[in-house]
Amino acid sequence: MAMDFPPYHFRCPISMELMKDPVTISTGVTYERVNIEKWFFTYKKKTCPATMQRIENFDTIPNHTLKRLILAWQNQGDSKSSELSNSPSDKHEEIEALLSTIMSSPFKVSSLKKLRSIIDMGEETKNDFISCKGVEVLVQILDQTLTENSDFVTFRACEEALCILHQLPISEEEGDSFKLLSKQDSTRSMVIMLQRGSAEARLHTITIFKKMAKTNYDWNFVIQDQGLDFFKSLLELVSDEICSKASSCALEVLIEILRASKKNKLKAIEAGAVCVLIELLPESSRSRCEKMLQVIKLLCECAEGRLALVEHGMGIVVISKKMMHVSNVATKIGVKIMWLVCNFHPTEKVLEEMLIYGSVKKLLALLHMDGRSSTKDKVVKIFRLHGNSWKRSIV
């Protein structure tokens with residue numbers, strides 16, 4: 001168990017993975033060398049990802065002490081968890097004591113960190129934490145970020161609270177936990193963290209939103225309250241090439257939100273979703289590619305989305321290249337996108353681009369495949385509509 005779940009202070013705040021080459025920057029926070037160098041020198045960021053403090057000195061210092069501790073932890077294996085394990089009653093008492101301290105003390109961060117290490121121990125402690133009304137306590141901490149006198153300490157406490165909450169089961173079946181996090185003040189607080197929190201806090205927030213998206217949660221309040229800023233925050237996470245988990249979660253949240261209504265699609269299009277996704281697609285992994293194509297397909301169900309796709313210089317090119325190149329799923333979604341464009345936006349320029357950039361060639365290959373499928377049926381419909389336009393050039 002210990003080897004599966006490294007202690008949080010052994011994980012890089014950017015990738016949330018166990019560090020192999022930890023280095024410390026001028027703010028005193030330690031990161032995996034590759035990740036922080038990418039943050040500074042590839043993405044040209046001038047802030048500390050964990051604290052969002054602006055920095056001038058980009059030097060990194062190897063954290064040899066932490067590296068030795070990580071190696072020792074790896075060598076110990078499961079012995080670490082056995083040393084830390086207490087009886088269920090001891091854990092219960094410790095959880096209750098920590099929750100009491102958190103409620104009464106203005107200095108909550110250290111107690112939240114201790115609580116975090118206990119929650120890491122397994123499902124039994126998570127269930128015990130929930131039964132002790134722990135979620136209610138954490139939600140109260142989230143709500144404090146909305147007050148006028150909230151400060152950096154309050155913000156840090158909120159980040160620690162999110163770190164615990166993202167590990168808990170959140171579904172309609174869980175009852176109180178879902179209801180508490182679904183409250184307007186709670187979701188508003190989490191959106192603030194999504195926009196202004198550290199890299200770790202944003203990952204934890206989007207993980208919670210992903211769990212909520214799998215329920216019947218109504219996103220209308222969030223979208224009406226935050227407008228374009230909410231979609232821009234999601235797209236920023238989608239663009240995160242360092243933390244693939246955050247990017248994947250953001251795509252899944254987008255898919256569920258876009259499925260809900262046309263209004264949501266129009267807001268995402270206005271926020272620049274089509275352009276962002278087209279530019280990310282060429283270098284995306286299989287899983288991310290499939291999710292991005294799904295989002296583009298949903299956006300292309302609107303005239304505004306189709307227009308944004310065809311007006312982007314790489315729109316038709318990128319979709320064409322992904323068909324029959326990534327996976328059957330990607331091909332199926334790619335054909336759906338082409339069908340929507342060919343059916344509702346078949347300009348001369350679009351049809352010419354489809355011919356030049358290989359779309360027509362790939363559609364022909366799909367047409368000659370054995371068997372029948374919904375994908376092949378769409379290809380047939382496309383050629384019935386525009387086959388004559390391409391016939392002379394194909395011959």
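The expected span of a helix is 1.5 Å times one less than its number of residues, and helices here are DSSP runs of H or I with at least four residues, while strands are runs of E with at least two, numbered from the N terminus.

The model shown in these views is predicted, and residues are numbered from 1 along each chain as its sequence is written. Local features need pLDDT of at least 70, side-chain atom pairs count only at pLDDT 80 or more, totals for chains, interfaces and linings use all residues, and side-chain values use heavy atoms, with hydrogens and water left out.

View 1. Within α2, L66, I70 and W73 are buried, where buried means under 20% relative accessible area, exposed means over 50%, and partly exposed lies in between (1.4 Å probe, protein chains only). These three residues cover an arc of only 60 degrees around the axis, which puts them on the same side of α2; the arc is that of the directions from the helix axis to the C-beta atoms. An α-helix has 3.6 residues a turn, so residues three or four places apart point the same way. The exposed residues H64, R68 and N75 sit on the face of α2 that is turned away from its buried side.

View 2. Three strands form an open sheet in the order β2-β1-β3, and their pairing is antiparallel; two strands pair if DSSP finds at least two bridges between them. The edge strands, each pairing on one side only, are β2 (30–32) and β3 (61–62). Strand β1 (residues 22–24) is joined to β2 by three bridges, and P22 stands opposite E32 in β2. Helix α1 (residues 33–42) lies across β1, β2 and β3 and runs at about 95 degrees to β2, with axes taken as lines fitted to C-alpha atoms (for helices over the stretch in contact) and angles running from 0 to 180 degrees between N-to-C directions.

**View 3. The surroundings of T47.** In the loop between α1 and β3 lies T47, which counts as buried because its relative accessibility is 17%. Not counting residues up to four places away in sequence, T47 touches W39, F40, M52, Q53, R54 and I55, where contact means heavy atoms within 4.5 Å.

**View 4. Two nonpolar cores.** A nonpolar core is a set of buried Ala, Val, Leu, Ile, Met, Phe, Trp, Tyr and Cys residues joined through side-chain atoms within 4.5 Å. The largest such core has 106 residues, and those with the most contacts inside it are F129, I206, F209, W219 and F230. Another core, of 18 residues, lies apart from it and has V29, Y31, F40 and C48 among its members.

**View 5. Helix α10 and its cover.** The 13 residues of helix α10 (residues 184–196) should span 18 Å at 1.5 Å a residue, and its end C-alpha atoms are 18 Å apart, which agrees. Buried residues of α10 are S186, T187, S189, M190, V191, I192, M193 and L194, and what covers the buried residues of this helix includes α7 (134–143), α9 (176–182) and α11 (199–213).
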